[in-house]
Amino acid sequence: MWAHEAWAMGLMFVVDSLNKSFHTESGTIDVIDNLSFSVEEGQFLCIVGPSGCGKTTLLKIMCGLETPTSGNVLINGVLPNPQKQKFGVIFQEESLLPWRTVIQNVEFGQEICSGRCSLDIARKYMSLVGLVGFENYYPHQISGGMKKRVAIARALAVDPDIIMMDEPFADLDAQTRWILQKELLSVWSQLKKTVIFITHNVEEAVFLGQFVAVLTKRPATLKSLIKIDLPYPRSRLTPPFISYREKIIGMLQQEIPSI
Amino acid sequence: MGIRSSYYKGLKSIIVGLASIVTFLLAWEAVFLVMNNPFFLPGPYQVFLAFIRIATLGDINHVPLALHASVSLYRVLLGFVAGAVTAIPLGLLMGMRTTVRSAVNPIIEPLRFIPPMAWIPLTILLLGLNGYIFIIWLGVFFPVLLNTIAGVRRASITLVNVAKTFGAKDLTILRKIIFPSALPEIMTGLRVGMGIGWMCLVAAELIIPSAYGLGYLIEEYFNYAQTDVVIVGMITIGLIGLAINYFMLYVEKRMFRWRVDVGT
Ligand SMILES: Nc1ncnc2c1ncn2[C@@H]1O[C@H](COP(=O)(O)OP(=O)(O)OP(=O)(O)O)[C@@H](O)[C@H]1O
Ligand SMILES: [Mg+2]
């Protein structure tokens, strides 16, 4: 166990020899196998892996929704516990409360974290993600991209210690995705939060992350942790960008059985 | 197009509706004339006069129609509230906890298939002449309970997870996620329960002796062989039931503006 020492070394987020299996009627399924990596305070880490490899399961363990079969996740030296720490989690599926307006959704996290919500803070994050003017719309009245923005604003509004995102832009069109990626980077550079961003889109990972963790197919283990040594803002067309991208795509292709 | 055509559509459906009512009244009048027996079937005009009489002068004891209706409404409201405050919490618990569901279901499931009317004799024995509330409670309880359970079970696990990642405790999750998710179903349960409760009440009033209530009015005037007043009672029951249903639908519509409307 090196987790506690790692934290002492300034690593705020540590995944240490993590294992996770599910037991179902149709047998046991191993989803995560001896996975270890760590993130420093303020870092932007992307995690890529083939579909079904266990990314969402990993996210749920990281934010305390699931418990690992063995191994640990430590955030600032303690087990993830949303009642003690502040998490900004953005889920893969739609996660807005349909009976609340946009602004009420943004206030939701604060309402739970601190028992009260400050309209000013909610408005601040609304404008940070470009939602001014849509405060009183209901989720079914706004577009998919806007819903993601609301979810991001809601997560940011609690002033989280760490932000965890699970393929937040996966079901958006390419243009909207690019816009939101840029906005996310600008928010990150303003707020200096630690971000863990799960995706299966390699280009997205290379565009966003300071590091990219590549996972194997299920059961997920760490295949490689790659430092993306490119300054922001990044261009998707420069040769180094392309070579990072191709390198990671090559790694993932080894994980997908050829057809 | 839009507004004009929908305006004409609305007007058209009103005219068609009125025509249909007039046709019904004419048919009634025709049957009345053919039968020529006001005891078996009084005509619409005779019923109208009876309505005015009971509404203004009151019945044999000078109790006006409005008072009978109010007493019935009051009884149904008591039973309705009793049904709601018992069924909703139990439904939430049963929806959220499998253990509670397994414990309560074997008792509740068989009871559910006993019509409230079948309880009337036992109710009179055990609760005496004020057993109305229990009969109505029976009618309201089951639809509200079943709908509440269904609503809870339909709540999205993702939304529950959202609340959890913000550190919500069980009670907060219940209040802020589960209850609002289940609310549309709960409201449907309440509306259905209200309808059933209203019917149960009138049935109970027909049997349990009292000097007030629309059911009593029908029963009493049947004994006096005044069928016109019996029909006045019936129509009043129908109209009040209709009004209650519309009121509850209106409340639902106002409450659930956030829902996507399917169709128009
Ligand atoms: N609660 C559970 N019980 C049983 N098996 C589960 C459970 N949750 C996830 N799994 C299994 O774990 C595996 C990984 O699922 P997970 O959702 O973590 O994948 P993912 O990498 O997020 O996939 P995707 O990219 O498609 O979102 C799947 O095979 C899934 O069937
Ligand atoms: Mg997933």
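Ligand 1 is surrounded by 14 residues, the closest being S51(A), G52(A), K55(A), T56(A) and T57(A); a residue is near a molecule if one of its heavy atoms lies within 4 Å of it. This is a predicted model, in which local features need pLDDT of at least 70, side-chain atom pairs count only at pLDDT 80 or more, and totals for chains, interfaces and linings use all residues. Residues are numbered from 1 along each chain as its sequence is written, chains are lettered from A and ligands numbered from 1 in the order in which they are written, and side-chain values use heavy atoms, with hydrogens and water left out.

**Ligand 1**

- A backbone N or O atom of G52(A) is 2.9 Å from an oxygen atom of ligand 1; a polar contact is a pair of N or O atoms within 3.5 Å.
- For K55(A), a polar side-chain atom lies 2.8 Å from an oxygen atom of the ligand.
- The side chain of T57(A) places an N or O atom 2.6 Å from an oxygen atom of ligand 1.
- Of the 640 Å² of accessible area that ligand 1 has on its own, the protein covers 65% (Shrake-Rupley method, 1.4 Å probe).
- At least two shell residues come from each of β1 (11–24), β2 (27–40) and α2 (55–62) of chain A, and α2(A) gives the most, with 3 residues. Helices (H or I, at least four residues) and strands (E, at least two) are DSSP runs, numbered from the N terminus.
- By class, the shell holds 4 nonpolar, 7 polar and 3 charged residues. Ala, Val, Leu, Ile, Met, Phe, Trp, Tyr, Cys and Pro count as nonpolar, Asp, Glu, Lys and Arg as charged, and the others, Gly among them, as polar.

- Chain A has an open sheet of 6 strands in the order β5-β6-β7-β3-β8-β9, with mixed pairing; two strands pair if DSSP finds at least two bridges between them.
- Its edge strands, each pairing on one side only, are β5 (87–90) and β9 (222–227) of chain A.
- From one strand to the next, the twist averages 15 degrees; axes are lines fitted to C-alpha atoms, for helices over the stretch in contact, and angles run from 0 to 180 degrees between N-to-C directions.
- Strands β6 (162–166) and β7 (194–199) of chain A run parallel and are joined by 5 bridges; I163(A) has V195(A) as its bridge partner in β7(A).
- Helix α6 (174–191) of chain A packs on the sheet and touches β3 (44–48), β6 and β7, at about 145 degrees to the direction of β3(A) (contact: heavy atoms within 4.5 Å).

**Backbone exceptions**

- Most residues other than glycine have a negative phi, and most peptide bonds are trans.
- R218(A) and P219(A) are joined by a cis peptide bond, with omega about -5 degrees; P219(A) lies in the loop between β8 (211–215) and β9 of chain A.
- Another cis bond runs from Y232(A) to P233(A), with omega near -10 degrees, and P233(A) sits in the loop between β9 and α8 (239–255) of chain A.
- N76(A), not a glycine, has a positive phi of about 50 degrees; N76(A) is in the loop between β4 (70–75) and β5 of chain A.

Note on methods: Polar contact = N/O pair within 3.5 Å; in protein donor to acceptor, adjacent residues only side chain to side chain.
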